[in-house]
Amino acid sequence: AQGDVTTVLFAEGVADAGVQRLFLRRLHEAVPMERLDHFLRVSRFAEALAFADAHGISAAVVYHRRLTAMVQSDGAVSESAVDVALELAQHIEDEDAVDVCTRLLAPSLNDTIRLLAYARRRAGAENRLRKRVEDVERRLGTWSALGGQDRDSAWAEFRVADLAANVRAYAAQGDVARVAVLWRRHAGLRRDVAGAVQGFPLDTDSAALAAWLRAEVLPTLQPAQWPAVVAWIEQRARALEARLQRPADALQLVALLDHPAQPAPALTPQQLVDTPRSSARLSHSVPECVFLRQQLADIAHLRSAHGLVLTLDAHAQLSYSAIATALLDRVVAPELLSVAYAEHFAPYARRHALDCAELVHAYCIADMDASVGGAWEPRVLALLSCLHSDMSGAQPTAARTGHARALGAVALEAMRRSAIPWSSGVDEAAQKALEVLDRFGSDDEVAVLAREAREQLRLMRLKRMLRAHGLGDAHISDTRMAGAVLQWLARRPGADVMRDVLQLVDAYHHLSRTAAYVLRLQALCETGDTDAVAALIGFIDSEEHGVQPVARLVPLEVARRTLCWTRDLLDSMAFGADASRELFRRHVASAVVVLRALEALAARRAEDPACALAPAELARLRTFVAVNDSTLGAAWQLLEDGGLMVSPGELDQPSARAQILADILRQQWLGAYADDARGAALGLPMVPPRIRALAAMLRFSEPQLNVAVTLACLRLRLFTMALDMSQQLVDAVDGDLPYALRALAACERGVAAYLVAD
């Protein structure tokens, strides 16, 4: 029967222009099903439906083919076509209906939802069909969350796309939000966590990436997945810091490792035994990550708070102490170090529990070692000021005591290395350091530092003083030169030389302050500066004001030694030229000033109970003053009133005094008469008052003076004057017999001596 034949073959001959051809023909669709297929292929569905009805073929075939054609059409179908599809789907099998409804591209989201709702009803309890519908529904929700439109042809592609590939594509674009949507809605993607995260470029928003990882990725990881994630986070953090210089972003990622590492819930009982549910932070079990996080946190803090940019590699090569000192070292201007110390160095040091004072101590020593000359001074002084500011008003504690030690050590080293003369800044820093060291002196180490600092300051002042006097090359450690320097320094000109002398004396225990005073007073006496002599004695009396008897005797002893030295000098002086006269004048004038000052000191010690002397000592002092007044005072008067240079030793010898008086009479009075031709006949004039005063200074009484005048007249052959003086002596008998008798006797001895000599 023809119903069993699918194809009809026949031959056809054709003659054309003498050419004969034979064609083998075949007739298709010669049977009903093929005819129906023909109608369906050309979309003649009405005719196909009528043909099927006429030949007893099921209409479901036509409906399925028509729905399949709708699914395969380009673009979305119309809304009416959706209604038609839903109507036609009622006449086909459940599986076919589900297939058509999940694949048909509807014009709107509502139409798509209608198709899927219908597919869910047709799927019934069949798990395979229901899973297929749920998968499309989930993808539709994902597509909507991604911002897609269901009438777009892209939905058709997304509906069947490889979601893992989409994740990688979105990650490559840095689209954290879309990756998060896919990760959240499709659990199957979580098996390949490395593929989900490794594709993100470095410039991806780290905050968004870290937030997604913390909230949705890390809590779902299996224990076996953690190592790969940890390695990726560490590598990415290092790359962010090294390539993009974004340590804060790197820190956000490393901080993720503090997320509790809990295994996913879908574990077997054996897995629960093998893998404990630890709520400890993962980074605690990965030392490298802990250190990396600390590094990144410090790098980010340095950049944001202190403006110091360090790479991860550079930071790894430095200690916290080195970084802290780098915050100081980057400041070029010393004037800005105080700001850098307060705002950057000290906060950073405290952040890492570092000792600021010890760091500054080490930094200053290193800076001094590396500097040429005194280039270190401005920086070290600025940091010393910072250390001192930290100690202002601080009470002694263990930490503060350590701070004081460091401050003292820096100040001491600065003093040792300072050039002479040192600057006012060094002097101020030394004084402030001593104030702090004294306040914390209960500590043994601080007390030692205080002593060393004071000794160093004393030596510095000594060097400065010697340098000011031209002895900058003197070796102060050589104690043998101290005496020679004292002798030289005491004779230097200047108002403040005495203080410099005392500074030298205090530096060497074998030198005496009393001897230094005497040397200086002798030098002033040599210059004849009587005002300076008086001022120095007053200074000595005020300086040596101790309550011990020895201290009260120092000014007296200095004056006594000076007077004795002056007497010895005057006694040994050779008189002659004008130069010697001037020198004599200087010493005698200065000695008189010292003598008067000694009188004032004796009077004060007799009246003031605070500095009173024992009666015996006071008596000896007054005797000493009286004796020297009779010699040195007389020498000064003879020089001033008579123009005579008489040494104190001569005034103690009667024969010397007699000769001096004879010279005075001859040179200053009677000599003028002897040169006159009439002198021998002239009568004796009255003895001048000045001659009488000079005679009294030479300790001659009135009869002795008269005898001396008589003898002087005889020597000058002024016989008339000699007789007149004799007459005066005779006349004196009526007035004062003892006096006249003594005078006559003296005159007799004188005349006899003269006659014998003549």
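Predicted model: local features only at pLDDT ≥ 70, side-chain atom pairs only at ≥ 80, totals over all residues.

Trainee: Which residues lie closest to the centre of the largest pocket?

Mentor: The largest pocket holds about 330 Å³ of space. Its lining comprises 18 residues. Those closest to the centre are G494, A495, R520, L524 and A532.

Trainee: Which elements give two or more residues to the lining of the largest pocket, and how many of its lining residues are charged?

Mentor: The elements that contribute two or more residues are helix 26 (497–507), helix 27 (513–527) and helix 28 (530–543). By class, the lining of the largest pocket has ten nonpolar residues and two polar ones, and the number of charged residues is six.

Trainee: Which element gives the most to the lining of the second largest pocket?

Mentor: The second largest pocket has a volume of about 240 Å³, and ten residues line it, with A658, F700, Q704, A708 and L711 nearest its centre. Two or more lining residues come from each of helix 33 (654–674) and helix 35 (702–715). The greatest contribution, five residues, is that of helix 35.

Trainee: Is T401 buried or exposed?

Mentor: T401 belongs to helix 22 (residues 398–417). Beyond four places in sequence, T401 touches F440, D443 and V446. Its relative accessibility is 10%, and because the limit for burial is under 20%, T401 counts as buried.

Conventions:
Residues numbered from 1 in each chain as written. Heavy atoms only, no water. 1 Å grid on protein atoms, 1.4 Å probe; cavity = no way out; pocket = protein on both sides within 12 Å on 5 of 7 lines; lining within 4 Å. Points joined across faces, edges and corners; volume = space filled by probe spheres on them. Helix = DSSP H or I, 4+ residues; strand = E, 2+ residues; numbered from the N terminus. Nonpolar A, V, L, I, M, F, W, Y, C, P; charged D, E, K, R; others polar. Buried < 20%, exposed > 50% of the residue type's maximum accessible area, 1.4 Å probe, protein only. Contact = heavy atoms within 4.5 Å.
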